[in-house]
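Subject: The structure I promised you

Hi,

Have a look at it first, then read on.

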Amino acid sequence: MSIEIANESGVNVDETSIVSAARFALDKMEVSPLAELSILLVTLEVMEDLHERWMDLPGPTDVMAFPMDELDSSRRPDAPDASPALLGDIVLCPAFAKDQAKTAGHALMDELHLLTTHGVLHLLGYDHAEPAEEREMFGLQKRILGEFQAAVAAHNKRDAQRSADDRLLGTAGLDAVPAEEPPA
């Protein structure tokens, strides 16, 4: 699965973490590994222009999703190898998201993970225009985010334990690999 990210927002964020959130959501939704996704982080001005041009709504917004090709999951088994399909583009506005994160009482990266997951779901055809659609999409979003956060926490815990173990072994002098003795 190919995920490209470009940060043109002027806001310093952990781009690798955003890609990880997107990849996790795509994996959870069992999207083809041939899919390609583009994530673009933009300024308030650029987002306002996109929002007005494509949604006919004033002012900037937090996230927009632009679906592209449809993935062909109904291919015959004997068909030639599939080529990569461009799932679409997710456009995030970190400056807008910063205020939302503050209001929600969490970090900007948590908000960007939420918005990335939200964008992925939109690319996959989920929407929240009707109450039933909203319940389905937001329930799925909450579950995916919870599982992503748990996976990140478990990874960080393993890394912290590994680091503590390395320090302890270093203090005890057990971190050096013995050199091989030359043949006699």
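Let me start with the cover over helix α5: what lies over its buried residues includes α1 and α4. Buried here means under 20% relative accessible area, exposed means over 50%, and partly exposed is in between (1.4 Å probe, protein chains only). The buried residues of α5 are M137, L140, Q141, I144, L145 and F148. The helix has 41 residues and reaches 59 Å from its first C-alpha to its last, close to the 60 Å expected at 1.5 Å a residue. That expected span is 1.5 Å times one less than the number of residues. Just after α5 comes G173, with a positive phi of about 75°.

Before you go further, a word on what this is. It is a predicted model, in which local features need pLDDT of at least 70 and side-chain atom pairs count only at pLDDT 80 or more, while totals for chains, interfaces and linings use all residues. Residues are numbered from 1 along each chain as its sequence is written, and side-chain values use heavy atoms, with hydrogens and water left out.

The overall picture

The protein chain has 5 helices and 4 strands, and from the N terminus on they run β-α-β-α-β-β-α-α-α. Helices (H or I, at least four residues) and strands (E, at least two) are DSSP runs, numbered from the N terminus. Of the 184 residues in the chain, 31% are buried. Among contacts with a separation of 6 or more, 64% are between residues 24 or more positions apart; contact means heavy atoms within 4.5 Å. The chain exposes about 11600 Å², and carbon and sulfur atoms supply 53% of that. Those areas come from the Shrake-Rupley method with a 1.4 Å probe, and for residues only the protein chains shown count as cover.

Helix α1 and its surroundings

α1 covers residues 15–28, which makes 14 residues, and it reaches 20 Å from first C-alpha to last, close to the 20 Å expected at 1.5 Å a residue. At its start, a side-chain oxygen of D14 comes to within 3.3 Å of the backbone nitrogen of T16. Which residues of α1 are buried? They are S17, I18, V19, A21, A22, F24, A25 and L26. These buried residues pack against β1 (2–7), β2 (35–41), β4 (85–92), α4 (108–123) and α5 (131–171).

The pairing with α4 is worth a look on screen. The axes of α1 and α4 come within 9 Å and cross at roughly 40°. (Axes are lines fitted to C-alpha atoms, for helices over the stretch in contact, and angles run from 0 to 180 degrees between N-to-C directions.) On the α1 side the contact is made by S17, I18, A21, A22, A25 and L26, and on the α4 side by M109, L112, H113, T116, T117 and V120.

Loops to click on

M29 sits in the loop between α1 and β2. Its C-alpha is 9.6 Å from that of L140, although the two are 111 residues apart in sequence. Leaving aside neighbours within four places in sequence, M29 is in contact with L121, L124, Y126, L140 and I144.

E30, in that loop between α1 and β2, has a positive phi near 55° and is not a glycine. Is E30 buried or exposed? It counts as exposed, because its relative accessibility is 72%. D56 also has a positive phi, near 55°, in a residue other than glycine. D56 lies in the loop between α2 and β3 and is exposed, with a relative accessible area of 69%. For background, most residues other than glycine have a negative phi.

Two loop residues are buried. S9, between β1 and α1, counts as buried because its relative accessibility is 11%. A polar contact of 2.6 Å joins the side chains of S9 and N7. (A polar contact is a pair of N or O atoms within 3.5 Å; within protein, one must be able to donate a hydrogen and the other to accept it, and residues adjacent in sequence count only if both atoms are side-chain atoms.) Not counting residues up to four places away in sequence, S9 touches L41, V42, T43 and P94.

T61, in the loop between α2 (44–55) and β3 (63–67), counts as buried at 14% relative accessibility. Its side chain makes a polar contact of 3.2 Å with that of D62.

Cheers
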